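Please read them alongside the coordinates.

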Amino acid sequence: MISETILDSKKIVIKIGSNTLSDGEGMLNRDFFMNFTSQVKRLTDMGKQIIIVSSGARIAGVSTLGKWKRKEDLHYKQALCAIGQVELMDSFRRSFKEEDLLIGQILVTRDDLSDPGRTVYIRNTLFTLIDEGVIPIINENDSVSVDEIKIGDNDNLAALIANLWNADLLILLSDIDGVYDKNPKEHDDAVIQETITDIAKLRREISFGSSGSFGTGGIRTKIEAAEKVTQYGIPMILACGKHENIISSLIDKKEKASLFLPG
Ligand code: ADP
């Protein structure tokens, strides 16, 4: 079912979580970028259109500076994101260039996506980039957003973008290969939920554990994202971006993941 869903989708939004982009030491994982790029290339060669929503500005900032990891003051966090966003895009630009793929950056805040006028501009820019063969990479503008005006997590941002673009599919790449009945990092006997058609029921049946150190929303925001897109008839896949060639493996039916289907 997952394989068919990917193959049948032309417009795909792919969101990458911070823990997926980074290695165990909290540095940007260069191998991930190279491998991810080759997967995007395979998808574009298949005629698919791709929008990327990428987290990781803060971790890229820490990775560049080698300090401020534990600074909790807002202005330090925002400064880290300002430094890291450039580094993050540089990593994308360099690896995508190897495959002759061009990228464009769009940074948004919650206000941008709740204002109908600005939404139209974002939509037009996205369509123009894609029509011209450029891959948009979107992130929340963390250097200018404070909690009160934030979308807060890129799972929900990716869902809003999928709805705005009228995507055929949203793929969330995380450090986990799906939703489990309980946190698999804490429970060896956790069971993966492979196909989900009733999200309200899933919410009642699973327990939400904590997330990794650089993740923001954990499994809760992934389920919120699934709710947002499936309401608009868009399916969502949650898969493990840490596994090499994950999207290809899903197409080739070699990996498991969770698939949320519209009701
Ligand atoms: P990302 O950085 O990809 O956005 P997060 O770290 O925020 O990811 O969230 C994914 C994490 O959520 C997993 O690594 C896992 O430890 C945790 N988690 C908690 N409860 C569950 C659950 N029921 N099923 C799957 N993962 C869970």
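1. T119, I122, R123, L126, F127 and I130 of helix 7 meet I161, L164 and W165 of helix 8, where contact means heavy atoms within 4.5 Å. Helices (H or I, at least four residues) and strands (E, at least two) are DSSP runs, numbered from the N terminus. By class, this contact of helix 7 with helix 8 has seven nonpolar residues, one polar and one charged. Ala, Val, Leu, Ile, Met, Phe, Trp, Tyr, Cys and Pro count as nonpolar, Asp, Glu, Lys and Arg as charged, and the others, Gly among them, as polar.

2. On provenance, this is a predicted model, in which local features need pLDDT of at least 70 and side-chain atom pairs count only at pLDDT 80 or more, while totals for chains, interfaces and linings use all residues. Residues are numbered from 1 along each chain as its sequence is written, and side-chain values use heavy atoms, with hydrogens and water left out.

3. Axes are lines fitted to C-alpha atoms, for helices over the stretch in contact, and angles run from 0 to 180 degrees between N-to-C directions.

4. Helix 4 (residues 57-65) packs against helix 5 (residues 74-98) at an angle of about 85 degrees, and their axes are 6 Å apart. This pair, helix 4 and helix 5, is therefore also roughly perpendicular. Helix 4 contributes A57, R58, A60, G61, V62, T64 and L65, and helix 5 contributes K77, L80, C81, I83, G84, Q85, E87 and L88. The residues of this contact divide into eight nonpolar, four polar and three charged.

5. The ligand is surrounded by 26 residues, the closest being S174, D175, K185, G218 and K222 (near means a heavy atom within 4 Å). The shell divides into six nonpolar, 15 polar and five charged residues. Helix 2 (18-21), strand 6 (179-180) and helix 10 (218-231) each supply at least two shell residues, and the largest share, three residues, comes from helix 10.

6. A ligand nitrogen is 3.0 Å from a polar backbone atom of S207. A polar contact is a pair of N or O atoms within 3.5 Å; within protein, one must be able to donate a hydrogen and the other to accept it, and residues adjacent in sequence count only if both atoms are side-chain atoms. The protein covers 99% of the 580 Å² of accessible area that the ligand has on its own (Shrake-Rupley method, 1.4 Å probe; for residues, only the protein chains shown count as cover).

Notes: Parallel < 35°, antiparallel > 145°, perpendicular 65-115°, else oblique.
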